[in-house]
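Colleague: I've got this model open and I'd like to learn how to read its features. Can you walk me through them?

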Amino acid sequence: MKAQVFRGVNQLSYEDIPEPTLEADEVLVKVKVVGLCQSDIKKIRYPLYEPPRIFGHETAGTIAAVGSQVKNWQLGQRVAVMHHIPCMRCNYCLNDNFSMCDTYKNICTTAGFTPSGGGFAEYVKVPGHIVQNGGLIPIPDNISFEEASFVEPTNCCLKAVKKAQITPGQTVLIAGAGPIGLMFVMLVKYFGARAFATDLLPSRIDKALAVGAEAAFEARDANLANNIKVLTDGMGVDVTLLAVPSEKAFFQALECTRKGGKILFFAEFPDEVEIPLNPNVLYRREIDLMGSYSSSYRWQNLSADIIFHRRIDVQALISDRYPLKDLSQAVEQAIAPTPQTYKILIYP
Ligand SMILES: [Zn+2]
Ligand SMILES: [Zn+2]
């Protein structure tokens, strides 16, 4: 089968590799669509993981083979694939920190080499632990593979929305209106809160408004904090979601977030970045700083419900489709987005 193998920093190689062979409890999925995620791009561009690996984890496809002991799954069934499932027993899991669970981190879907997602291939193998514990989600007939590929990123964004305890009537500033920031706008609105967004690209500012932001601003706007205050009775927003790894966006967030509000780091920063912070921001103003990484098993069903009932319009986020052989080009476009670049989907 064909796969895009990560052979080193910025080296993707389109290769013929053997199809994965199945153990008795495993399932093989023929990949129909896989979303290109910022985290894939980071894994390709920085020396974070030893090659060779096959990335790609926002996967939707059909079941192509099942191991001899697999019950309840049939050939041809359409599924969204979760690349991780937690153990549900360790101390992390019992405290709802599923993404810190060792099982969650270590057991992963694979198309070959060290398990790393495996969506950037024609076939991906789903380990027994994931098959048995809810990691395959049937796709309703009326929902496309493209839409289903959004269940995983929706879960990641939903986890952040829940962690920040965003409730109806609250105000939320979303820094960065790329594919993730736009999804935040949609989710925040779906949960009854008011979304404001910032971005550097005028096209993304317009897009944020089109998908439900009440107001959207140029990220360099010197008046941003004032504009936000005007929209929030002089208080500032209840929550800021940082969907860009920008130090500047963090300091803007400090200015725009109300006393007692929350700032949530969603985008991963480069390791060398350090942000100086006066601790009295946390003490006198009682700002809560928090981070949200990856998805939550707690919100997996709700994420699927949101996608499968079209509670948010993920189709409005899709801007480009590339064949698997052109993954490098897709990565280039995501790094240097044109005004009309949003979510990029990959077709094996
Ligand atoms: Zn992702
Ligand atoms: Zn666990």
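Colleague: Which residues are the protein donors of the zinc ion (ligand 1)?

Modeller: First, the ground rules: this is a predicted model, where local features need pLDDT of at least 70, side-chain atom pairs count only at pLDDT 80 or more, and totals for chains, interfaces and linings use all residues. Residues are numbered from 1 along each chain as its sequence is written, chains are lettered from A and ligands numbered from 1 in the order in which they are written, and side-chain values use heavy atoms, with hydrogens and water left out. Donors are N, O and S atoms within 2.8 Å of the metal (3.2 Å for Na, K and Ca); water is not among the atoms, so sites may look incomplete. Here they are Cys 37 (SG), His 57 (NE2) and Glu 58 (OE), 2.1 to 2.5 Å from the zinc ion (ligand 1). Their sequence spacing reads C-x19-H-E.

Colleague: Are His 57 and Glu 58 buried or exposed?

Modeller: The scale is relative accessible area: buried is under 20%, exposed over 50%, partly exposed in between (1.4 Å probe, protein chains only). Both His 57 and Glu 58 are buried.

Colleague: What is the geometry at the zinc ion (ligand 2)?

Modeller: Four donors count as tetrahedral if all angles lie between 85 and 135 degrees. The ideal is 109.5 degrees for four tetrahedral donors. For the zinc ion (ligand 2), the angles run from 104 to 116°, and the site is tetrahedral. Cys 87, Cys 90, Cys 93 and Cys 101 coordinate this ion through their SG atoms at 2.3 to 2.4 Å, with the spacing C-x2-C-x2-C-x7-C. Cys 93 and Cys 101 are buried.

Colleague: Why does Glu 15 count as buried?

Modeller: Because its relative accessibility is 16%. As for partners, a polar contact is a pair of N or O atoms within 3.5 Å; within protein, one must be able to donate a hydrogen and the other to accept it, and residues adjacent in sequence count only if both atoms are side-chain atoms. The Glu 15 side chain makes one with the side chain of Arg 7, at 2.8 Å.

Colleague: How much area do domain 1 and domain 2 bury between them?

Modeller: Buried area is the accessible area (1.4 Å probe) that two parts lose on being put together, summed over both. Domain bounds come from an automatic or database domain assignment, which gives domain 1 (2-154 + 295-347) and domain 2 (165-291). Between them they bury about 1,500 Å², with 73% of it on carbon and sulfur atoms. Ile 312, Leu 317 and Tyr 342 supply 38% of the area that domain 1 buries against domain 2, more than any other three residues.

Note on methods. Four donors count as tetrahedral if all angles lie between 85 and 135 degrees; four count as square planar and six as octahedral if opposite donors are over 155 degrees apart and all others between 65 and 115; anything else is irregular.
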